[in-house]
Amino acid sequence: MGEQPIFSARAHVFQIDPATKRNWLPASKHAVSVSFFYDASRTVYRIISVGGTKAIINSTITPNMTFTKTSQKFGQWADSRANTVYGLGFSTEQQLHQFAEQFKEVKEAARLAREKSQERFELSNPALNIAAPELSQELSEERHSPPLLTVNGPGEEKLFRSKSAEVELTVEKEKVKKMLSEGSMCEINLEAELFTLQDSNAKLVAALQEASSSVEQWKQQLDEYQEETDRLRDQVAELEGQLGHPAAGQSAREELSQSLEELEALLSAKDQEIHSLQSKKTDVGELEKEREETIQRLEDLERLNSDLEDRVQSTEKTLASSREEQNQAEVEVQRIIEVLDVKICDLNDLRQSLAKLIDK
C-alpha cells in the first residue's frame, strides 16, 4: 500500500539561507499545496510539497520536531535530516492554526508508532530481555537518541558509543538552536508578510484600475447628458422666441429655468466629485459606494430629462394652440374687413342715389 494523504493546505514555502542562516529563500513563486502523508508499509509520516516538477518539501516527521508559530500567518520547523529549516506563509491565521494542530497530531502519531515498533522488537526477542537487562535499558534509551553502532561489544565499548551518540545528538540540537537563534524573527515576519501583501496589492491595483475605467464611463455619460440638456435648453429658448407672448407661458418658462438650474448644479457637483475621486484614488469599497451614488444620480438626471422633455412637448402644444387661435383671429378679422368693404360699397351707392334725387 502506498502513501495516503491525511491533510492539505496552501501556503508560500521558504527555506533558510544555508549561507547566512538568517534570511528566508522562497522555494515557490506562488502558494502551493503542502500535504501530510502516511506510509503504512514503513509506518512513517511525511510532509510533502511539489512545485512544478520537483519536490520542494520532503520532510519525515519525528517525535523531536516542533512546529513554531513566529507570526500570525507564518510558522516554521527544523529538519535535521535535510539540514534545513522550512517556513510556511499562510493567507489567514486560521489556516496556520489548522496546520499547526495537524502537525502536533501527526507528531504524536509518529511517537506512538515508534514506541509500538520498539515494543514489537523487544517482544520478538524475549531471551534478550531476560538475559541482558542492560541491553533492554539501552534500547529504551535509543527511543530518544540515534542508534548505537554496536550492541554485543564489551560494556566499556557500549558506554563509549552511547555517550558518543548522545554527544552527536547534543551537537545536532545545538546546531538547530543556533540556526533558529541566529535567524532574525523580524526579518522572517516581514518577508512572509511581504509576499502576502504583494498578492493583496496586485488585487487592489486591479480593482482600482477597474474602478477608474468605470469612472471614465460615468463621466462620458454625464457629458452626454450635459449635451442633451444644452440641446433642450436651446429648443426651449427657440420655442419661447417663436411664441412671442412671454406673459402666456411665463410660469412654464420659470419652471423650466429652475429645472435647468438644478440640473446644472447637479452636473457641476458631479464633475467636482469625479475630479476628487480621480485625485484621491480611495479604497475600492468607497469607489463602489460612489458608483452606486452616481448611478442613483444618473437615474435622477434621467428622470429630470424626462420631465424636461414633457415640459417641452407641453410648451410646443401651447405654441401650436396659440398659433391656431391667432390664425382664427386673423380669419375673423379678414371676414369682418370684407363685410365692411361690402357695407362701404352699399353706402357709396346710396350716396350716389341720394345725390341724383337732389339734382332732380
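Reader: How accessible is Glu228: buried, partly exposed or exposed?
Author: Glu228 counts as partly exposed, at 24% relative accessibility. Buried means under 20% relative accessible area, exposed means over 50%, and partly exposed lies in between, with a 1.4 Å probe and protein chains only.

Reader: What sort of model is this, and how are its residues and values treated?
Author: The model is predicted, with local features needing pLDDT of at least 70 and side-chain atom pairs counting only at pLDDT 80 or more, while totals for chains, interfaces and linings use all residues. Residues are numbered from 1 along each chain as its sequence is written, and side-chain values use heavy atoms, with hydrogens and water left out.

Reader: Which side chain meets Glu228 in a salt bridge?
Author: The partner is Arg231, at 2.4 Å from N to O. A salt bridge here is a side-chain nitrogen of Lys or Arg within 4 Å of a carboxyl oxygen of Asp or Glu. Glu228 and Arg231 both lie in helix H5, three residues apart, about one turn of the helix. Arg231 is partly exposed, with a relative accessible area of 44%.

Reader: Why do such side chains pair at all?
Author: Side chains of opposite charge can pair when their charged atoms come close.

Reader: How many salt bridges are there by that rule?
Author: The count is nine. One of them joins Arg233 and Glu264, at 2.1 Å from N to O. Arg233 belongs to helix H5 and Glu264 to helix H6 (residues 250-280), so this pair ties together parts that are 31 residues apart in sequence. Arg233 is partly exposed at 28%, and Glu264 is partly exposed at 33%.

Reader: Which residues are linked in a network of salt bridges?
Author: Glu108, Arg111 and Glu115 are linked in that way. Arg111 and Glu108 both lie in helix H1 (residues 93-123), three residues apart.

Reader: What is the secondary structure overall?
Author: The protein has seven helices and eight strands. Helices (H or I, at least four residues) and strands (E, at least two) are DSSP runs, numbered from the N terminus.

Reader: How do S4 and S5 pair?
Author: Strand S4 (residues 44-51) and S5 are antiparallel, over six bridges. Two strands pair if DSSP finds at least two bridges between them. Arg46 has Thr60 in S5 as its bridge partner. The hairpin of S4 and S5 has two residues between the strands, and Gly52 takes a positive phi near 75° there.

Reader: Changing topic, how many aromatic pairs does the structure hold?
Author: The structure holds 13 aromatic pairs. Rings of Phe, Tyr and Trp (its six-membered ring) pair if their centres lie within 6.5 Å; planes under 30 degrees apart count as stacked, over 60 as edge-to-face and the rest as tilted. Phe14 and Phe74 form a tilted pair, 5.7 Å centre to centre with 55° between the planes. Phe14 is in strand S1 (residues 3-16) and Phe74 in strand S7 (residues 74-79), so the pair ties together parts 60 residues apart in sequence. Phe14 is buried at 2%, and Phe74 is buried at 1%.

Reader: Which residues do ring pairs link into a cluster?
Author: The cluster consists of Phe7, Phe36, Phe67, Trp77, Tyr86, Phe90, Phe99 and Phe103.
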